[in-house]
Amino acid sequence: MKKSMGINRDMGLDLTRIIAFVSVPAVHFFLNSGFYQSPIVGTRMSVMTAFRTLFMICVPLFMLLSGYLMSAKEIAMEKKSLLHFYSKIAKVAVTYVLATVLILIFKRVCLQENISFKDGIFNILGYNQYTWYVEMYMGFFFLIPFLNLLWNSIGRQQGHKILVAVLLVLTVAPSILNIWDFNTEGALLHPWLSKSYNQLVPNWWGSLYPITYYYIGAYIRSHVKVKELKTWPLVLLFLGSVLVFSLFNIWRCYSIDFIWGAWCGWNGFQNVIDTVLIFLIINSIKYKKKGPVFSKIIALISELTFGAYIVSWIPDNYFYPKLIDSISDMQLRFNYFPVMVLNTILISLLLSLGIHIVMFLGKKIFQGISRNLGKRASAAGNDAVQP
């Protein structure tokens, strides 16, 4: 049985990837339902703010997982080794292209958009829809050998701590210190009065946060005995942090439309803390060995999450317009949160499965053609040397 198909895989890592994916449609509910255009007033909006705070772990969890998985790879700084590593991006690129083609077909057939071949090419090259993460990762992948070289050259835990600390100061500290207005009277206690903030620390390096998450994942892999951690204290810490951060976000936006501020952005202190805690929770659990069928199903779903993340744009843009047309009150739309999110998850996974099958068949066909060409070349060579 192949290791990649489940039996010998780490269940916690597969579940980490699945939970990260599930959090994407969940947090996109707030993007597509009108939440960001509604004032944070009343119990229902407060609960929605808490849910939004919870599910913002989605993208950071993918990034941290990349660091955990990839940082152990030692890639020689030579052409052959680098090219071999970089060739692995082909699977990501092909998945992205096929997923985007599906989206373009949906736009043409269901949304009646007039899309030319040229428009389709520029759509793929422009990383539209939900694919900003793909654009980031495609470039980030080429940095991994050098990030690993730096990590491995430091070697000692103390050096690793300092590196992670420096990155936290550069990319995360601004989300704590640069979010206060010291000029507007009363804004410190009533932050909804102002959207202008005084800068106390450099803010320029904030966009490097993917590297911060990568090295946090690397640090956990290198120096944290995750399976020896106690799960329940971590769960309590996580629930406590989500509660505190939710109250903080409600307070920041009281009576006004939700503010996607630095404190709750991808590199915000809230998401860094929540992401680390949920990763430790998932992977501290000692999962009992399951049967081969169950293990293969979990492994397959884990494999499908990348494509599903991209094509989730399709069900979102099919169902949410119908929801908005049917339910005019934004707060009442939250009643449909479970149904909307579940629909997106299931349809996205099915579409991703189709992409997965196409790629599998394409690979088999390509391998068959290559073997036939190799045999013909060999046969031609043998004929050429006959007396």
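How far apart in helical turns are Asp-14 and Arg-17 in helix H1? They are separated by about one helical turn, because they sit three residues apart in helix H1 (residues 11–32). Welcome to a quick tour of this predicted model, in which local features need pLDDT of at least 70, side-chain atom pairs count only at pLDDT 80 or more, and totals for chains, interfaces and linings use all residues. Residues are numbered from 1 along each chain as its sequence is written, and side-chain values use heavy atoms, with hydrogens and water left out.

**Overall picture**

- The protein has 16 helices and zero strands, where helices (H or I, at least four residues) and strands (E, at least two) are DSSP runs numbered from the N terminus.
- Along the principal axes, the C-alpha atoms fill a box of roughly 100 × 60 × 45 Å.
- Of the 387 residues, 45% count as buried; buried means under 20% relative accessible area, exposed over 50%, and partly exposed in between (1.4 Å probe, protein chains only).
- Among contacts with a separation of 6 or more, 82% come from residues 24 or more positions apart, a contact being heavy atoms within 4.5 Å.
- Carbon and sulfur atoms hold 66% of an accessible surface of about 20500 Å², with areas from the Shrake-Rupley method (1.4 Å probe; for residues, only the protein chains shown count as cover).

**Salt bridges**

- The structure holds four salt bridges, each defined as a side-chain nitrogen of Lys or Arg within 4 Å of a carboxyl oxygen of Asp or Glu.
- Asp-14 pairs with Arg-9 at 2.5 Å, N to O, and also with Arg-17, where the closest N and O atoms are 3.7 Å apart.
- Asp-14 is buried, because its relative accessible area is 4%.
- Lys-91 bridges to Glu-303, with 3.3 Å between the closest N and O atoms.
- That pair links distant parts of the chain, 212 residues apart: Lys-91 is in helix H5 (residues 89–109) and Glu-303 in helix H13 (residues 292–311).
- Salt bridges that share partners join Arg-9, Asp-14, Arg-17, Lys-91 and Glu-303 into one network.
- Both members of the H5–H13 pair have their own accessibility: Lys-91 is partly exposed at 47%, and Glu-303 is partly exposed at 29%.

**Cysteines**

- The whole structure has zero disulfides, taking a disulfide as a pair of cysteine sulfur atoms within 2.5 Å.
- Cys-58 has its closest cysteine sulfur in Cys-264, 12 Å away, so the distance is too far for a bond.
- For Cys-264 the closest cysteine sulfur is in Cys-253, and 6.8 Å is again too far for a bond.
- Cys-58 is buried at 1% relative accessibility, and Cys-264 is buried at 1%.

- Ser-194 lies in the loop between helix H9 (174–177) and helix H10 (209–223).
- With 9% relative accessibility, Ser-194 counts as buried.
- Its side chain makes a polar contact with the side chain of Asp-181 at 2.5 Å; such a contact is a pair of N or O atoms within 3.5 Å, where within protein one must be able to donate a hydrogen and the other to accept it, and residues adjacent in sequence count only if both atoms are side-chain atoms.
- Setting aside neighbours within four places in sequence, Ser-194 is in contact with Asp-181, Thr-184 and Ala-187.

**A nonpolar patch**

- Ile-176, Leu-177, Phe-182, Leu-188 and Leu-200 make a nonpolar surface patch of about 440 Å².
- Patches are made of residues with over 30% relative accessible area and no salt bridge, joining like charges within 9 Å and nonpolar side chains (Val, Leu, Ile, Met, Phe, Trp, Tyr) within 5 Å.
- Leu-177 lies in helix H9 and is partly exposed, with a relative accessible area of 35%.
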